[in-house]
Amino acid sequence: MNQSFGQLIREARKDKGFSQRELAKLMGLDFTYLSKLENDRADYPPKEDVIRSLAQHLDLNEEELIFSASRIPQRDEDFIKQNYKGMPALFRRMQENPDFAKRVFREATQPENEEKQG
């Protein structure tokens, strides 16, 4: 299931029983901005702190929500900058070879999955 950032937060907000105005007030945001985010009509992705606040209020995974907003968490951005020469080749290989991408994702998430089960 590939939901947009806006779809994710709208669905989570409704599941938590918040109106847009209630959630926006809790977060100190203008509700029209929250509406734009939910409708994927914002001119640019929200800042990382806004996304983290949304995730905390909506019980969503902060890191996953940051990526779904087409942002990169600061610590990951630092890693990419440190390894910038290899990143284009890694992304190109993953796009050209879906099996390779699946193996990378499986290896990357395996420890997390084991922690959740254990």
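**The core and the pairing of helix 1 with helix 4**

Guide: In this predicted model, the largest nonpolar core has 16 residues, and those with the most contacts inside it are Phe5, Ile9, Leu54 and Leu65. Helix 1, helix 2, helix 3, helix 4 and helix 5 each supply at least two residues of this core. The largest share, 5 residues, comes from helix 4. In soluble globular proteins, nonpolar side chains tend to be buried together.

Helix 4 covers residues 48-58, and its buried residues are Val50, Ile51, Ser53, Leu54, Ala55 and Leu58. These buried residues pack against helix 1, helix 2 (20-27), helix 3 (31-38) and helix 5 (62-68).

Now to one of these partners, helix 1. Two packed helices are described by the angle between their axes and the distance between the axes. For helix 1 (residues 5-16) and helix 4, the axes come within 9 Å and cross at roughly 35°. The crossing of these two helices is left-handed. On the helix 1 side, the contact is made by Phe5, Ile9, Ala12, Arg13 and Lys16; helix 4 contributes Ile51, Leu54, His57 and Leu58. By type, the residues of this contact divide into 6 nonpolar, 1 polar and 2 charged. An α-helix has 3.6 residues a turn, so residues three or four places apart point the same way.

Phe5 belongs both to this contact and to the group with the most contacts inside the core. Leaving aside residues up to four places away in sequence, Phe5 touches Ile51 and Leu54, along with Leu37, Asp40, Pro46, Leu65, Ser68 and Ala69.

Lys16, also in helix 1, is another residue of the contact with helix 4. Lys16 counts as partly exposed because its relative accessibility is 39%, a value between the 20% limit for buried and the 50% limit for exposed. With residues up to four places away in sequence again left out, Lys16 touches His57, Leu58 and Asp59. The side chains of Lys16 and Asp59 are joined by a polar contact of 2.6 Å.

Notes. Residues are numbered from 1 along each chain as its sequence is written. This is a predicted model: local features need pLDDT of at least 70, side-chain atom pairs count only at pLDDT 80 or more; totals for chains, interfaces and linings use all residues. Side-chain values use heavy atoms; hydrogens and water are left out. Axes are lines fitted to C-alpha atoms, for helices over the stretch in contact, and angles run from 0 to 180 degrees between N-to-C directions. Helices (H or I, at least four residues) and strands (E, at least two) are DSSP runs, numbered from the N terminus. A crossing is left-handed if the near helix is turned anticlockwise from the far one by less than a right angle, and right-handed if clockwise. Contact means heavy atoms within 4.5 Å. Ala, Val, Leu, Ile, Met, Phe, Trp, Tyr, Cys and Pro count as nonpolar, Asp, Glu, Lys and Arg as charged, and the others, Gly among them, as polar. Buried means under 20% relative accessible area, exposed over 50%, partly exposed in between (1.4 Å probe, protein chains only). A polar contact is a pair of N or O atoms within 3.5 Å; within protein, one must be able to donate a hydrogen and the other to accept it, and residues adjacent in sequence count only if both atoms are side-chain atoms. A nonpolar core is a set of buried Ala, Val, Leu, Ile, Met, Phe, Trp, Tyr and Cys residues joined through side-chain atoms within 4.5 Å.
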